[in-house]
Amino acid sequence: MLRQCGAHLSTIIWDYKGLLKEHVICDSAADTVIQLAQTHKPKPDPNGLVFGTVFTDHMLTIEWTLEEGWQKPHIQPFGNLSIHPGCSSLHYAVQLFEGMKAYRGPDNKVRLFRPLINMKRMLKSAHRACLPRFDGVELLECIRKLVKVDQDWVPHSDSASLYIRPTLLGTEPTLGVKKPSKALLFVILSPVGPYFSTGAKPVSLWADSKYIRAWRGGTGDCKMGGNYGASIYAQYEAVDYGCQQVLWLYGDDQQITEVGTMNLFLYWINEKEEEELATPPLDGIILPGVTRQSILELTRKWGEFKVSERYLTMADLRQALEENRVKEMFGSGTACVVSPVGRILYQGENLHIPCEGSFPPLASRLLKELTDIQYGRTPSDWSCIV
């Protein structure tokens, strides 16, 4: 059972009067109403999947109101939503989402990877967005039921998976800027292949302080749609400069924060001549990625080099490149797992990051260890059978 994957998450929330009280999601996952689709869409070839363009036969919906709380969960045929044109999710971005995956192993069993961390992060986002809290374990059980209904959509492939997108949005039919008294939680599923069109090749980055992804006191550490929508313009400018992604910088000292929609890691010989794997700290502007956390825990368990959460600047990187102290740089995330960086365009100069072949050694080792767990080739308590 999924309950064995981690500790029970808190279900305490603040009500509108600011008083603490217990709150339970959607009655119980055991009360889920299941309505199966009468027709089924053809399954796509896993070798030709484009990220987020194909969806399964069913979806999960759960409604919430301030007066009645969470209603029964419904697994129903995939279809369009009906929402009021004046709801806060459309006008004020009162919404959030999560991203996780289901993997089919060589034993034909379907697994989720550390899903309770996703639930914890979703709860944090809900609190920041003034959306209703929920019991993460119960929601995870609802998601498990949905994945089981559509389990035939989990690709029979070790390079493809089933992407799971839980979403929570305010649906109160008013233009008032306030906490919504109505909300909708839904989950959709999409079979996906590699995130980047280049496949297993290093990506190129455009680094410029012209645009800022997140700032202290903002919502950069939450998974909200507004964080991503506001980044699209910069992404297209990066493409105009011949790069695939944006390397987001922050502050007067041009701190390196994230790579596109990924967390960032730098493997180098640091200023003290130590072999180090470094990533920016969770100071409020960095999204706490599940893959990020897993890489930190794995490498610390190895004990082969220093592993740090520390600030890194473009000046640090340029000096290290000039002194041949950079070994690798890579991004990490649910969609891509690990993605090496090969080039950074910064102030009109191309900074070339060392890459041995398409995947440098550390990135390759991390990709293998993580995917072996995700697909069930390596037993681990990080992996939960559906």
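**View A. Gln 255 sits in strand E14 (residues 255-259).** This is a predicted model, and here we zoom in on one side chain's neighbourhood. With a relative accessible area of 9%, Gln 255 falls under the 20% cut-off, so it counts as buried. Who does it touch? Leaving out residues up to four places away in sequence, the contacts of Gln 255 are Arg 216, Trp 248, Leu 249, Tyr 250, Tyr 311, Leu 312 and Thr 313.

**View B. Helix H3 (residues 136-149) from end to end.** H3 is mostly covered, with 11 of its 14 residues buried. Among them are Gly 136, Val 137 and Glu 138 at one end of the list, plus Cys 142, Arg 144, Leu 146 and Val 147.

View C. Val 137 itself is buried.

**View D. Helix H6 (residues 290-302) packs against helix H8 (residues 361-374).** The angle between them is about 105°, and their axes lie 11 Å apart. Angles of 65 to 115 degrees count as roughly perpendicular, so that is how H6 and H8 are arranged. On the H6 side, the contact uses Thr 291, Ser 294, Ile 295, Leu 298, Thr 299 and Trp 302, while H8 brings Leu 362, Arg 365, Leu 366, Glu 369 and Leu 370. Sorted by class, that makes 6 nonpolar, 3 polar and 2 charged residues.

Note on methods
Residues are numbered from 1 along each chain as its sequence is written. This is a predicted model: local features need pLDDT of at least 70, side-chain atom pairs count only at pLDDT 80 or more; totals for chains, interfaces and linings use all residues. Side-chain values use heavy atoms; hydrogens and water are left out. Helices (H or I, at least four residues) and strands (E, at least two) are DSSP runs, numbered from the N terminus. The expected span of a helix is 1.5 Å times one less than its number of residues. Buried means under 20% relative accessible area, exposed over 50%, partly exposed in between (1.4 Å probe, protein chains only). Axes are lines fitted to C-alpha atoms, for helices over the stretch in contact, and angles run from 0 to 180 degrees between N-to-C directions. Angles under 35 degrees count as roughly parallel, over 145 as roughly antiparallel, 65 to 115 as roughly perpendicular and the rest as oblique. Contact means heavy atoms within 4.5 Å. Ala, Val, Leu, Ile, Met, Phe, Trp, Tyr, Cys and Pro count as nonpolar, Asp, Glu, Lys and Arg as charged, and the others, Gly among them, as polar.
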